[in-house]
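Good morning, and thank you for coming.

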Amino acid sequence: MIRQDEQPQENKNSNPPPELPPLNLQPHSFSSLPDVIVENILARISKCNYPNLSLVSKRFLSLLSSPELYTTRSRIGTTEPCIYICMERFKDLGLKWYTLWTKHAHVETLTVDDAQEDNLPCNEYSLVPLPESNSLVPFMDRTNVVVGSEIYLFGVTSSEQPSSSVRILDCRSHMWRDGPSMLVARRCPYAVFLDEKIYVFDGCGEDETWMEVLDMKTKTWSPLLRHRVAVLEGGWLNTVGLQGKIYLITKINYCAYDPKQGTWEVVEVHDNLGYLGKWCVSVVEDVMYSYSYYSDNLVWYDSKCKKWIDVKLSNFELLYKWRMVNILNHGGKLLVMWLYKFEEYDGIEVWKIRCAKIVVEKRHGNEVWGEIEWPVTEVKLPELSERFNSLVISI
């Protein structure tokens, strides 16, 4: 027990707590963060926000167009399918390239009643123009091909004369540059990318120089001699790479070329091939899809029985009145795009692009069904155009 006349002794070893410096409660500016951190943040943001973000500052504009940003997006798995559209302009103004930016929307099934003219969403899509190339053709048909994050254009010229030039659009920076020139001057040739090589060809196989190959590793061209079975008839419609082969489709027949074996074969001769939509073939999960004017429907190709079969598509009425159809693989689904003409209040005719995303699946053995998903929407063209081409690039 401590007596009243005794006081407890202080601990000689105890020191008063040190005085802390005053806290700096001012928030750090986002601009003070290192580029690598800002880049990592931007890589996690949807590309639909990039046009607005590029207006924030010159630093943001530089970061958003840097190859490192897209390398980061690929590494962390945030790449998105982006749509690029090439318009043929009137009055010989050449081509104009746009990106089609979309807003993310809740996905739901759209009915015919929901898709009346006044109910179509008008603000879901917007066209953003790209810098123009130094040399353009009146219309490119199938002269373009996607390789990674770049678009290759072949036979590019400011006139209608054949050309061996190659132009490349880097979709990360939207900058144009020259590629390795072809061995032969061509006008609007067809092109297919398959197994790290680009195959370019024109004509109907009647010339020894009708086809050449660009090796993407060595960046060099080499000729590919034709085979007698590869003489196509009836005018070209489509070219596509599928299951390691290149398919060349005309109105009467089509051939398949196996690059590994170096062999050609006639796959099918059919009277109704001429009714397939020109430049209108896409591949989803190793299945070819197209549009048939013969059956007025989407069709898919059965490689076993070697026939085109109608897709059983619900709500197909949504896609009536289309013109100049493009079909794309958009993240494993079919994106159907078509031109639609209408009159404004003052009687002036204008064109719109309508879009519909379709989920396809196999049912009951040999049937393919399609379901139209939201959004079915449209975007008004900034200038008159009756033809267009579109591509999907994942970046």
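I shall begin with the chain as a whole, then turn to the helices, the nonpolar cores and a few individual residues.

Please keep in mind that this is a predicted model. The chain has 395 residues, and buried residues make up 47% of them. Its secondary structure comes to four helices and 25 strands. If we take the contacts with a sequence separation of 6 or more, 52% are between residues 24 or more positions apart.

Let me turn to a pair of helices. Helix 1 covers residues 35-42 and helix 4 covers residues 67-76. Their axes come within 9 Å and cross at roughly 55°. Helix 1 and helix 4 are therefore oblique to each other. As for handedness, helix 1 passes helix 4 in a right-handed crossing. Which residues meet here? On the side of helix 1 they are Glu-39, Asn-40 and Leu-42, and on the side of helix 4 they are Glu-68, Leu-69, Thr-72, Arg-73 and Arg-75. Sorted by class, this contact has four charged, two polar and two nonpolar residues.

Next, the nonpolar cores. The largest nonpolar core holds 25 residues, and those touching the most other members are Leu-42, Tyr-50, Leu-69, Tyr-84, Trp-97, Ile-151 and Ile-395. Which elements supply at least two residues each to this core? Among the helices they are helix 1, helix 2 (50-53), helix 3 (58-64) and helix 4.

I would draw your attention to Ile-395, a member of the largest core. Leaving aside residues up to four places away in sequence, Ile-395 touches Lys-47, Tyr-70, Arg-73, Thr-79, Glu-80, Cys-82, Tyr-84, Ser-149 and Cys-171.

We now move to strand 23, residues 349-363, where Lys-352 lies. Is Lys-352 buried or exposed? Its relative accessible area is 14%, so Lys-352 is buried. Not counting residues up to four places away in sequence, Lys-352 touches Trp-338, Leu-339, Tyr-340, Phe-342, Glu-378, Val-379, Lys-380 and Leu-381.

Val-360 also lies in strand 23. Because its relative accessibility is 16%, Val-360 counts as buried. With residues up to four places away in sequence again set aside, Val-360 touches Tyr-289, Leu-334, Val-368, Trp-369 and Gly-370. Val-360 and Val-311 are 49 residues apart in sequence, and their C-alpha atoms are 8.5 Å apart in space.

Finally, two loop residues deserve a word. His-174 is found in the loop between strand 6 (166-170) and strand 7 (175-178). Although it is not a glycine, His-174 has a positive phi of about 60°. At 18% relative accessibility, His-174 counts as buried.

Glu-196 sits in the loop between strand 8 (190-194) and strand 9 (197-201). Glu-196 is not a glycine either, yet has a positive phi of about 65°. How accessible is Glu-196? With 44% relative accessibility, Glu-196 counts as partly exposed.

That concludes my presentation, and I thank you for your attention.

Technical notes
Residues numbered from 1 in each chain as written. Predicted model: local features only at pLDDT ≥ 70, side-chain atom pairs only at ≥ 80, totals over all residues. Heavy atoms only, no water. Axes fitted to C-alpha atoms, helices over the stretch in contact; angles between N-to-C directions. Parallel < 35°, antiparallel > 145°, perpendicular 65-115°, else oblique. Left-handed = near helix turned anticlockwise from the far one by under 90°. Contact = heavy atoms within 4.5 Å. Nonpolar A, V, L, I, M, F, W, Y, C, P; charged D, E, K, R; others polar. Buried < 20%, exposed > 50% of the residue type's maximum accessible area, 1.4 Å probe, protein only. Core = buried A, V, L, I, M, F, W, Y, C linked by side-chain atoms within 4.5 Å.
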